[in-house]
Structures are given as structure tokens and as C-alpha cells.
Amino acid sequence: MTLPLKGMLLKLLAVFCFTGLSGLVRHIGTAVPAGEVVCFRAFFTIVPLLAWLAYEGELKTALRTQHPLGHFFRGLTGICAMFFMFTGLALLPLAEATAISFAMPLISVAFAALFLKEKVRLFRWSAVAVGLAGVLIILWPRFGGGDLTSTAAIGALASLIGAVLSAGAVVQIRRLTYTETTGAIVFYFALYSTLMALATAPFGWVVPDIETTAALIATGLLGGVAQILMTQSYRYADASLLAPFDYTAIIWATALGWVAFREVPGPMVLVGAAIVVGAGLAVIWRERRLGLKRSRERQAATPE
């Protein structure tokens with residue numbers, strides 16, 4: 001097996017695990033408060049993560065940090081994003097919540113321009129606008145009737161807010177990568193998220209039954225395994241090559257939603273998701289082209 005193929009396989013497995021995690025959150029639904037679900041998700045992520053870091057001999061580097069406050073604010077943003085995304089998953093069909101979450105990479109393009117001062121040209125801005133139009137198409141059936149208090153409308157709004165906050169977390173991660181290791185970023189996110197989620201306990205946590213407890217623990221373990229698989233995939237293939245595989249989540253989510261919950265996405269969801277995915281792939285394609293061009297220019301400028 002070639003290295004790029006191995007990377008693609010690992011990325012597909014990572015996306016599959018993340019979709020399985022979403023399916024578990026959908027299964028748990030509103031039986032458990034979102035803050036409690038986030039706590040289980042964050043805490044049990046640490047278990048496979050620490051085992052992997054110990055195996056790689058990187059446990060000490062994961063605990064070393066130059067910017068504890070940066071990790072704190074990244075954790076705060078991330079836990080808020082998980083809270084809203086899990087609320088959306090509990091209230092919406094799995095494929096629909098997944099499709100709305102695809103707005104995240106497009107919003108992160110805008111945030112990178114605003115907060116990191118990255119140069120974003122007309123092509124990417126156009127792709128962002130088209131992608132957000134696709135998100136509006138997905139949301140229209142939930143908000144078109146004017147009833148913003150329905151369960152579905154609240155779920156759709158929560159999913160959209162979760163996507164915006166996730167994009168904010170991506171910007172913070174980019175800043176942290178200048179000085180912090182991947183292990184440190186993932187470890188401190190899990191740690192801070194667990195502690196912050198524990199703070200929601202006085203607001204109505206419940207004692208879950210055995211089946212629900214198993215599902216809650218599985219969300220964390222799956223999340224940790226998915227994180228490891230995704231990290232490993234970038235060792236074998238370029239990020240630009242692997243990025244399109246994120247969108248296979250809509251395939252897994254649609255299949256899992258139909259098998260487990262008998263959910264069939266409506267035509268507006270499918271059309272909107274296709275537009276969002278197309279816009280995202282256009283951004284990825286453009287970035288890959290520009291990356292290859294810059295690489296050729298550097299090679300041409302290097303004296304022999």
C-alpha cells in the first residue's frame with residue numbers, strides 16, 4: 001500500500017468514526033443534557049489519546065505548553081461549539097445536522113481573513129458566498145414557515161451556531177500551531193473541555209441508565225480514536241489531498257440516519273448539501289493549485 005493511499009484510508013476511517021460519534025449523540029437525544037454529553041465526550045477522549053501519546057513517546061511534549069491561556073480560550077470556544085452541535089444533533093435528522101456543519105470550513109476562510117489577516121482572493125470569497133447560499137437552502141424548510149420556536153428550528157439554529165464557533169476554534173488552533181505541538185493542542189482541549197463541562201452539572205444533570213452510559217462513554221472513545229486516525233493520516237498524505245474526504249461524512253450520515261433512525265433527508269437538504277460540498281471542494285482545489293504554483297516558483301528560484 002502506497003503512503004498516500006494509507007493516508008486516505010486512515011482519513012476515511014477517521015470521518016467514519018466521527019460520524020459514528022454523531023450517531024451516538026443523535027441516539028442519546030434529549031435524554032441527557034448537552035453539557036453532560038460534552039463532559040463524557042471530552043473526558044473519555046483523553047483515554048485513547050494518552051495511550052497513543054505514551055506509545056509515540058510524546059507524552060511529555062503533550063503536557064508542555066507556552067500558552068495555557070490560548071488553550072483555555074480554544075477550549076472555551078470548542079466546548080461551546082460542541083454544546084450547540086450536540087443540541088442540533090439531538091433535535092435534527094443526522095444528515096441535516098451534518099450538512100449544516102459543512103459551513104464550518106467556509107466560515108473559517110472568512111475568519112482567517114478577518115482575524116489572522118490571511119489574504120483571501122475573489123475566488124475563495126465567491127466560493128464562501130455560494131456555500132453559505134447552500135446552507136440557507138438547507139435551513140429554509142426550518143425557518144421558512146416563520147415558526148422559530150419549533151424543535152427543528154431550534155436544532156437548525158444550534159447547528160449553525162455550532163459551525164460558526166467551530167470555525168472560530170479553527171482560527172485559534174492555527175494560532176496555537178505556531179508554538180504548540182499537536183499532542184498539546186488536543187490534550188489541553190480535552191482537559192479544559194472536561195472541566196468546563198463539569199461546571200454545568202448543577203444545571204440539571206441526570207443519572208443515565210446502563211445503555212445510555214455506554215453510549216456516552218463510546219462518544220469519547222470514538223472521538224479519541226478518530227482524532228488519532230486523523231492525525232496519523234496527515235503523516236502519509238498532504239492535507240490538500242485528504243481534505244475532500246471530510247465530505248464523505250454526508251454519505252455515512254445519510255446511511256446511518258436511514259438504518260438507525262429511518263431518517264430520509266429532504267430534497268432541500270440534498271440540494272443545499274451538494275452546493276455546500278461543491279463550494280468547499282472548489283476552495284480545496286484552488287488552494288491545491290496555488291500550493292503547487294508556489295512550490296514550482298520556489299524550486300525555480302532555488303539556485304542549483
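I will go through ring pairs, then charges over rings, then a surface patch.

Keep in mind that this is a predicted model. Searching the whole structure gives 11 aromatic pairs. Take phenylalanine 187 and tyrosine 188: the ring centres are 5.2 Å apart and the planes meet at 75°, so this pair is edge-to-face, the cut-off being over 60 degrees. Phenylalanine 187 and tyrosine 188 are both buried.

Next, tyrosine 188 with tyrosine 192. Here the centres are 6.2 Å apart with the planes at 35°, so the pair counts as tilted. Why are these two tyrosines separated by about one helical turn? Because tyrosine 188 and tyrosine 192 are four residues apart in helix 9, residues 182-198. Tyrosine 192 is buried, as is tyrosine 188.

These rings belong to a cluster: ring pairs link Phe72, Phe73, Phe187, Tyr188 and Tyr192.

Now the charges. Arginine 26 has its charged end over the ring of phenylalanine 261, 5.4 Å from the ring centre. Arginine 262 has its charged end over the ring of tryptophan 258, at 5.0 Å from the centre.

Last, the surface. Phe72 and Phe73, which we met in the cluster, also belong to a nonpolar surface patch with Leu69 and Leu76. Together the four residues have about 370 Å² of accessible area. Leucine 76 lies in helix 4, residues 68-91. Its relative accessibility is 36%, so leucine 76 counts as partly exposed, between the 20% and 50% limits.

That is what I have; questions are welcome.

Terms used
Residues are numbered from 1 along each chain as its sequence is written. This is a predicted model: local features need pLDDT of at least 70, side-chain atom pairs count only at pLDDT 80 or more; totals for chains, interfaces and linings use all residues. Side-chain values use heavy atoms; hydrogens and water are left out. Rings of Phe, Tyr and Trp (its six-membered ring) pair if their centres lie within 6.5 Å; planes under 30 degrees apart count as stacked, over 60 as edge-to-face and the rest as tilted. Buried means under 20% relative accessible area, exposed over 50%, partly exposed in between (1.4 Å probe, protein chains only). A charge sits over a ring if NZ of Lys or CZ of Arg is within 6 Å of the ring centre and within 35 degrees of the ring normal. Patches are made of residues with over 30% relative accessible area and no salt bridge: like charges are joined within 9 Å, nonpolar side chains (Val, Leu, Ile, Met, Phe, Trp, Tyr) within 5 Å. Accessible areas come from the Shrake-Rupley method with a 1.4 Å probe; for residues, only the protein chains shown count as cover. A salt bridge is a side-chain nitrogen of Lys or Arg within 4 Å of a carboxyl oxygen of Asp or Glu.
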